[in-house]
Amino acid sequence: MFKEYDVIVVGAGHAGCEAAAAAANMGSSVLLITMNMNSIAQMSCNPAMGGIAKGQIVREIDAMGGYSGIVTDSTMIQFRMLNRSKGPAMWSPRAQSDRMRFSEKWRHMLEQTNNLDFWQDTVTGLITDDGRVTGVTTSMGQNINGKSVILTNGTFLNGIIHIGIKNFGGGRMGDKASHGLTESLLALGFESARLKTGTPVRVDGRSIDFSRMEEQKGDAHPGRFSFTETPVLEKQRSCYLTYTSPQVHDILRLGFAESPMYAGRIEGRGPRYCPSIEDKIDRFSDKSRHQLFVEPEGWDTVEYYVNGFSSSLPDHIQFRALQKVPGFEHAKIFRPGYAIEYDYFPPVQLNYSLETRLIQNLYFAGQINGTTGYEEAAAQGLMAGINAHQKVHDNPPFILSRSEAYIGVLIDDLITKGIDEPYRMFTSRAEYRILLRQDNADLRLTPLSYKLGLASPERYQRVQSKLMSIGNAIHFLANYSVSPDQVNNLLGDLDTAPISQKVKLSGLLLRPQVGLNDLIGILPDVREHFYANLSLSSELIEETEILVKYEGYIGKEKEIAEKISKFEDIPLKADFDYKSLTSLSFEAREKLSKIKPGTIGQASRINGVSPSDISVLVVYLGR
């Protein structure tokens, strides 16, 4: 029934979908195997994409030629740019999505992708030969041959769902768990562990009193994730904000005796930055209330997601507590919240390409690596798909550095530091976040992806045109002078000091109070030049302003990145005998021997390896 595929992708969540699309679009023959064709790219938890740092990742995926941004733009019901009050390095796009349309759009795009086949089945094991993966076995008895395999199993590996004292197997509510694959990997010598995540109650919107909540509307001028011409959001649905109370907390505490988390029935550690409601009231007992975000699940459904009320307490406790929250007094729920415990494989067992160190041509991406979030999973899937294609076609791996992309930060953190709790991306994890803004993801990454053969010529041409327009705009601003009588009224209105002689527009833009649109609005010559000669969109005007205002900071960060890169890329051999270097600390010898970093840069970011240990390595290597 099956030919030998270049790439077999196991799992059709966000990681699997991006992996399959990337490899197929680069020219590999791809088979995507999923347990349920009706839940491709299912939003198992929150019906939203993006957020702090996560929005930057989605834009990077899009800049590379991935599908997540296009799907999000095509199915979103609300858009907000978070952190607008802070500097542009912190701006992060976020969208509420229509859960059902999101999955439908993903499936449609995958079905329109050349070189991509589908098979509904459960993968139960791997076929290997002399340290190399050669295919997979399935529950229906199929042996399917492949030159490479990407595992993106999400929360399905030996998944167990917990609701109070009740527990049962499952990868998410309504879907069975996957058995056999973990055991197959352990037999090959891999290490595994357990993690836990959770999700909140889903509520019937017809039973919610929204008048008792604070309405949260989307942006007046909603943006987009994709750098292509995706649809503009013309109408939006509101989210709502409400709060718990001491009374709610008291009811929730009644369920602690039956909580699987506190009774020790859950082994895995949960996400620190997305704790359950019972974890919040236990860890933050001094707080009298916690925020709950009430989010619609789509255009044509009355189902609402209660963000912040994740729980594995008994369902009757969840229900009683929820009805004491303002607006939920008469709430009816569609299903309770639950915790799910699952197997993952510590990512220190991977190379930077996401290929495993033990078995050649085998790749891990997504929650199997211990991450949490659709965006982190999709980014890993994209990179695994690219690198699986590269490997089977005898091309070098494609690696993004920490100074090139949040995706590079994500993968470097996973492989170098490992994880002992679900990993979530934050802007604070990136030391070069002024360089890694959401607005310039296409300028950073599309040229790289185009060289790989993933980003289309049309995308590449858009970037070249954008660069030319921005360059012309910056040149114009640096050479166009204005006199006091032209701008002092504006400067007074903006509460900034007047000028006493002619100044360049670029100089005025260095003032934090002054925006480029302010100057365009009062200077006809500037307005005509920008719109008639340069045809700059609002996106390009914003990009130009950022580059002018933050030129000094951007230049300094580039300089730092270049200095560090001198040591970053000094290679370390995989068989390097760290234990023989007695000048290294004992902990450094132990950690370096286990992780086997590929470069000095990677070694420097391993927990327990000090700067003096790095100096020893550099001296030993003759540098």
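Which residues of α2 are buried? The legends below begin with that helix.

**View 1. Helix α2 and the residue that follows.** The buried residues of α2 are Lys54, Gly55, Gln56, Ile57, Val58, Arg59, Glu60, Ile61, Asp62, Ala63 and Met64. Buried means under 20% relative accessible area, exposed over 50%, and partly exposed in between, with a 1.4 Å probe and protein chains only. Because 11 of the 11 residues of α2 are buried, α2 is largely enclosed by the rest of the structure. Just after α2, Gly65 has a positive phi of about 105°. Helices (H or I, at least four residues) and strands (E, at least two) are DSSP runs, numbered from the N terminus.

The model is predicted: local features need pLDDT of at least 70, side-chain atom pairs count only at pLDDT 80 or more, and totals for chains, interfaces and linings use all residues. Residues are numbered from 1 along each chain as its sequence is written, and side-chain values use heavy atoms, with hydrogens and water left out.

**View 2. Aromatic pair of Tyr67 and Trp106.** Rings of Phe, Tyr and Trp (its six-membered ring) pair if their centres lie within 6.5 Å; planes under 30 degrees apart count as stacked, over 60 as edge-to-face and the rest as tilted. By this rule there are 13 aromatic pairs. Tyr67 and Trp106 form a tilted one, 5.7 Å centre to centre with 45° between the planes. Tyr67 lies in the loop between α2 (54-64) and α3 (68-75), and Trp106 in helix α4 (residues 99-111); the pair links distant parts of the chain, 39 residues apart. Tyr67 and Trp106 are both buried.

View 3. Phe190 is in the loop between α5 (181-187) and β13 (193-204), whereas Phe364 is in strand β20 (residues 362-364), 174 residues apart. Both Phe190 and Phe364 are buried. Ring pairs join Phe190, Phe345 and Phe364 in a cluster.

**View 4. Open sheet β7-β8-β9.** Three strands make up this open sheet, in the order β7-β8-β9 and with antiparallel pairing. Two strands pair if DSSP finds at least two bridges between them. From one strand to the next the twist averages 30°. Between β7 and strand β8 (residues 132-138) there are 6 bridges, in the antiparallel sense. Asp129 has Arg132 of β8 as its bridge partner.

**View 5. Strands β15, β16 and β17.** Strand β15 (residues 239-243) pairs antiparallel with strand β16 (residues 291-296) over 4 bridges. Opposite Leu241 stands Phe293 of β16. Another 4 bridges connect β16 to strand β17 (residues 303-310), again antiparallel, and Val294 has Val306 of β17 as its bridge partner. A hairpin is formed by β16 and β17, with 6 residues between them.

**View 6. Packing of helices α6 and α8.** The axes of α6 (residues 246-253) and α8 (residues 315-322) come within 9 Å and cross at roughly 170°. Therefore α6 is roughly antiparallel to α8. Axes are lines fitted to C-alpha atoms, for helices over the stretch in contact, and angles run from 0 to 180 degrees between N-to-C directions; under 35 degrees counts as roughly parallel, over 145 as roughly antiparallel, 65 to 115 as roughly perpendicular and the rest as oblique. Val248, Ile251 and Leu252 of α6 contact Ile317, Arg320 and Ala321 of α8 (heavy atoms within 4.5 Å).
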